[in-house]
Amino acid sequence: MYRSDDHRTYAASSENGMEVPGEQTAAEVWARVKRRLRAELGEDIFASWFGRLELDSVIEGCAYLTVPTRFLKSWIESHYADRVLAVYRSEAGNVERISIGVRSTLGRDPAAQRRASEAPRPSPAPSMAMPTSPGEIKLPSSPGPQEERGESGDLGGAPLDPRLTFESFIVGRSNALAHAAADRVAHAQNGQVIYNPLYLHAGVGLGKTHLLHAIGHAVRAQGRRVIYLTADRFMYGFVASLKAQTSLAFKERLRGIDLLIIDDVQFIQGKQIQQEFGHTLNALIDAGRQIVIAADRPPADLENLDERVRSRLAGGLVVEVSALDEALRTSILTTRIEALRTIHPSFEVGPNVIAYVARAITANGRDLEGAVNRLLAHATLTGSAITLETAETAIRDLVRNREPKRVKIEDIQKLVASRYNVSRSDILSERRTAAVVRPRQIAMYLSKVLTLRSLPEIGRRFGGRDHTTVLHAVRKIEKALGEDNALSDEVELLKRMLQE
C-alpha cells in the first residue's frame, strides 16, 4: 500500500509513457497530475472542481482520491473521471483505476474507501438524490424532525433550524428594513406574493440566514408548501436528476411549491445549472409563487451568474443587512446571556463587561456568540467571576480590526482611469499606446491583489482578454514596483483610496 504522506516510492512515467529513471513518491506523482490537470483544463475550471481533490493512497493499482462534498464527487465522476484517470496513468503506469470518496463520510481510511467502492450498492438513504419510482426524484435532504413534507409529498430540502424564528431575531437599526420585508413576505394575507423575489444580502454572520429560516417557519405554519435549499443542495439535486434521467420530474416537483428559499446563491456554478436555476425562477414568478434569495453581495456583483439570472434577481426587492451597530451588538449579547442563565443561574456578566465585548467585537453575530461561549466556559470551569480582565483574555482571539472594504473591479478601473487621465473604455479597449497600456496593467494588478477574482475572470472584465495577458500584466507591475519607488508609492496610494 502506498499512502500519499509516506516515504515509499514507485516508478513514475513520463508523459510519453516511458519510465523515468529513479522512483517517485505517490505525493510527487499526484502533484504532477494536478499540475497537468491545471494546464489542460485552465485555472478557472481547476480551481472550481479540483482545488480540493486530494490523494489519500494508492492500493493495488487504484488511486483513492477524496473531496469534501458529495456534490463535488458526483460532478467530477460525471464530467472528469476519464480525464483524471488518463492523466494519472500517463504519470504512473501502475495506476489502473481511480476511486473518489467523500472525506466527511469516509474519513482518511483508504481501507474504508476500498470497502465502500467494492461493496454492493446499498439502498438509497433519505438524504440521497435517488429516484424513488419511475419519473420521480427526491431532492437531497438531511432527515430531521424539523423537515416537513406537507403537500409536496417526498419533496424535501434542508431542515429548518427550530431556533431561527422571528421571535428569536433581534431587530436593530442595521437590519430593521430586512426584518420588516421578511415579516411582510412571511405573513402576507391569503398567500399574496409581494417583493418577488425578496433578495437579502449581507456579510457572514449578520442574520440573513436567520431571516430565511424564520420566513420558512412562518409560511409552513400556514400549511403552505416550502422548500429551503442551499446552493450546494440545488446543484447536487439537479446533477443527480440528470444522472438518474429524471430531470423533468425534478423540475416539475420543484416548481410545484408555494415558497422557494435559496441560501448562498453566489455559489451556484455551471452554465447548465444556472440556466435551470433561471428557468425555475421564471416559472415560479410567472406562476405567482414566492421566492426568497440570500447571498453575500447584491445581484449586480454576482459576476459568475448568468446576466439574465442577475437581472431577474434584481427585479424584486433587494435589501442589504448592514454591519451590526454597537447598540444591536449589546442587545444580542444581553439576550444570549439571559438565555444561558436559565441553564446556568450562576452565570453573571456585568454591564461593563457586556459593553466592553460589544465595543471590541464588531465583525458579526457569530463572533458575539463565540464570545459568550468563552465567557461561560471561563465562569463554569474556573468558578470565578467574569471581570474586564478575564473578558479580555477570553475573547482575545476574536478581537479583530474592521474588515476591509470589498473592492470591485469596476471601481478599480474607474479610479485608475481617472488617476491617469484616460477613460474606462480606453482601458477596456484594444489600444496599445503607452498612455493606455500602463494604466491597464496597473488596474489588472490591483484587481488581482485586492479582489478574489481569478485570472480568467479578471481577463473577461477587461474586454474579454485571455488570462495569460492578465498574468503578464501582474508580473510586469510586480517587477516594476521593485525597481521604481515612485510607481510603488503611486500604487500604494491607489490601494488606500480603494480600501477606504
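The model is predicted, so local features are given where pLDDT is at least 70 and side-chain atom pairs count only at pLDDT 80 or more, whereas totals for chains, interfaces and linings use all residues. Residues are numbered from 1 along each chain as its sequence is written, and side-chain values use heavy atoms, with hydrogens and water left out. The chain holds 22 helices and 13 strands, where helices (H or I, at least four residues) and strands (E, at least two) are DSSP runs numbered from the N terminus.

**Overall packing**

- Of the 500 residues of the chain, 47% count as buried, a term that means under 20% relative accessible area, with exposed being over 50% and partly exposed in between (1.4 Å probe, protein chains only).
- Among contacts (heavy atoms within 4.5 Å) between residues at least 6 apart in sequence, 69% join residues at least 24 apart.
- In soluble globular proteins, nonpolar side chains tend to be buried together.
- Not counting residues up to four places away in sequence, Val-265 touches Tyr-199, Ala-231, Phe-277, Ile-293, Ala-294, Ala-295 and Leu-302.

**Annotated binding site**

- According to an unreviewed UniProt entry, the annotation "binding site" covers Gly-205, Gly-207, Lys-208 and Thr-209; UniProt positions are given in the numbering used here, feature names are shortened, and annotations may be inferred rather than shown by experiment.
- Gly-205 sits in the loop between β9 (198-201) and α8 (208-221), and with a relative accessible area of 14% this residue is buried.
- Once neighbours within four places in sequence are set aside, Gly-205 is in contact with Asn-364, Gly-365 and Arg-366.
- Lys-208 belongs to helix α8 and counts as buried at 9% relative accessibility.
- The side chain of Lys-208 reaches the backbone oxygen of Ala-202 at 3.3 Å, a polar contact being a pair of N or O atoms within 3.5 Å, of which, within protein, one must be able to donate a hydrogen and the other to accept it, while residues adjacent in sequence count only if both atoms are side-chain atoms.
- Leaving aside neighbours within four places in sequence, the residues in contact with Lys-208 are Leu-200, His-201, Ala-202, Gly-203, Ala-294, Ala-295 and Asp-296.

**Ser-174 in its loop**

- Ser-174, placed in the loop between β8 (136-137) and α7 (176-186), counts as buried at 9% relative accessibility.
- The Ser-174 side chain reaches the backbone oxygen of Ala-323 at 3.5 Å, and the contacts of Ser-174 beyond four places in sequence include Glu-320, Val-321, Ser-322, Asp-325 and Leu-328.

**Helix α22**

- Helix α22 (residues 485-499) has 15 residues and reaches 21 Å from its first C-alpha to its last, close to the 21 Å expected at 1.5 Å a residue, where the expected span is 1.5 Å times one less than the number of residues.
- Its buried residues are Leu-487, Val-491, Leu-494, Lys-495 and Leu-498.
- Seen down the axis of α22, these buried residues fall within an arc of 100°, so they line one face of the helix; the arc is that of the directions from the helix axis to the C-beta atoms.
- The cover over the buried residues of α22 includes α17 (409-419), α19 (434-450) and α21 (467-483), whereas the face turned away from the buried side carries the exposed residues Asn-485, Ala-486 and Asp-489.
- At the start of α22, a side-chain oxygen of Asp-484 comes to within 3.0 Å of the backbone nitrogen of Ala-486.

**Backbone exceptions**

- Most residues other than glycine have a negative phi, and most peptide bonds are trans.
- A cis peptide bond with omega of about 0° joins Asn-196 and Pro-197, and Pro-197 lies in the loop between α7 and β9.
- Tyr-195, also placed in the loop between α7 and β9, has a positive phi near 50° and counts as partly exposed at 34% relative accessibility.
- Glu-60 has a positive phi of about 50° although it is not a glycine; Glu-60 lies in the loop between β4 (54-59) and β5 (62-67) and is exposed, with a relative accessible area of 64%.
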